[in-house]
Amino acid sequence: YRATWDHQGMNKHAIHGAALALAAGSVAFAQSGSTPIAPAASASAFALPGSAPVWHPVTLNFRGPTTAEGADAPNPFLDFRLNVSFAAPDGTETLVPGFFAGDGQGHGAGNVWRCRFNPDQPGLWSYRASFRAGADVAVSLAPDDGQPVFFDGASGAFEVLARDPAAPGLLSQGRLEYVGEHYLKARNGDWFVKTGTNSPENFLAYRGFDDVQDNGGIGIIHEYAPHRSDWRLGDPLFVSASTGVDSKGIVGALNYLGSQGVNSIYFLPMNLGGDGQDTCPFVGYSKTAFDKTHYDISRLHQWNVVLNHAQEQGILVHFVLAETESGNENWLDDGAMGTERKLFFRELSARFGYLNGVKWNLSEENDFSIDVLKQMASYLDAVDPYDHVVAVHTHPNAIDLYIPLYRDPRFDAASVQYFRQSA
């Protein structure tokens, strides 16, 4: 269930890593309608051959408006919204956010709109797409906001196979879930006792990703050179169009961590204004409304190849959504829970929420108010269809942070920083 490409010498936004590496199963395309302002009642969908087992990602691709990651009228990330409702064999329905995927191969322009889904039951699943256009509609939670356009209403079905107990890593036992006990538990497997690392927090500042930049922080752009030898034939392989560095270092590092029993990695997907100032999912690193609402499709495509490989090594990915430096806390919406932060949360959930091991940490060494934390957790709950664990990190020994959050159903875990001073 993994296909890997090794292409070299292509331009920026040419991704070279397994367009199907994480879509190891049913893939469907829905044809677009004839105009951008009317629903396409005649939209048809078809599934390509092949089915995935339970707990393996299924990817649906729809053909919609042709646009680009730098477009602003409309903004493809903010002014279109793809949601797909999946109906399980037992009738349970799950609403999953989708995203603009450029050409579907990692390039930043095209007409592919994608939804990644993680099925938890074998059998025949059906789906129905909602695709709507309107100012800032992507961050709206109201189902009828915006206008139905293009492939809105496209529907179809696909088969999911029985769970594969021999699948690698987290693909065999299923989603890690909070079940009211002290540890997470895999739905079809064991308790999860974290043996993870919280360093480096700029794990994604990797020279093998497209257009990674050092903006003057105290971190370094990594190559993980000692772990190139841990890369194995058949592992994902892509090459940065910006630097010519390939993926062997970061993929090999995950192989090494998994082989040593490390089952969690902690990282910031956006550290602008903070310590490292070298990691973000955006098209640019400036604190402008344009940069903060436009996403770099090639880099996110590469991130996905890497994070999917992490789950195959049995590694939970621990997203830390803000850090304690005020510049980072206030990078989005000046520290509030507004359009920029909502879009940030939605994009991360849509692109990576299908993974079986995800933890959302609202902030490193939190300085946000309790009210803002609750707004963050509420929005994550709304856009994350899998109810992944939500936590927030404390300052050293500041455990009182959790008193107003205790028994709040939006928070599932503690992330406590503790040290004991010597006498």
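Is arginine 410 buried, exposed or partly exposed, and what is its relative accessible area? In this predicted model, in which residues are numbered from 1 along each chain as its sequence is written, local features need pLDDT of at least 70 and side-chain atom pairs count only at pLDDT 80 or more, whereas totals for chains, interfaces and linings use all residues. Side-chain values use heavy atoms, with hydrogens and water left out.

Arginine 410 is partly exposed, with a relative accessible area of 27%; buried denotes under 20% relative accessible area, exposed over 50%, and partly exposed the range in between (1.4 Å probe, protein chains only). The side chain of arginine 410 meets that of aspartate 408 in a salt bridge, at 2.8 Å from N to O. Aspartate 408 counts as buried, at 10% relative accessibility.

Salt bridges were identified where a side-chain nitrogen of Lys or Arg lies within 4 Å of a carboxyl oxygen of Asp or Glu. The structure holds 10 salt bridges. One of them joins the side chains of arginine 187 and aspartate 120, at 3.4 Å from N to O. Arginine 187 is located in the loop between β13 (184-186) and β14 (191-192), and aspartate 120 in the loop between β8 (109-117) and β9 (123-133), so the pair ties together parts that are 67 residues apart in sequence. Helices (H or I, at least four residues) and strands (E, at least two) are DSSP runs, numbered from the N terminus. Arginine 187 is partly exposed at 34% relative accessibility, and aspartate 120 is partly exposed at 24%. A network of salt bridges links Asp120 and Arg187 with Arg175 and Glu177.

A further salt bridge is formed by glutamate 347 and arginine 351, whose closest N and O atoms are 2.6 Å apart. Both residues lie in helix α5 (residues 339-352), four residues apart, or about one turn of the helix. Glutamate 347 and arginine 351 are both buried.

Four strands form an open sheet in the order β15-β16-β17-β18, with parallel pairing; two strands are taken to pair if DSSP finds at least two bridges between them. From one strand to the next, the twist averages 20°, with axes fitted as lines to C-alpha atoms, for helices over the stretch in contact, and angles running from 0 to 180 degrees between N-to-C directions. Strands β16 (residues 316-320) and β17 (residues 358-361) pair in the parallel sense over four bridges. Histidine 318 stands opposite lysine 359 in β17.
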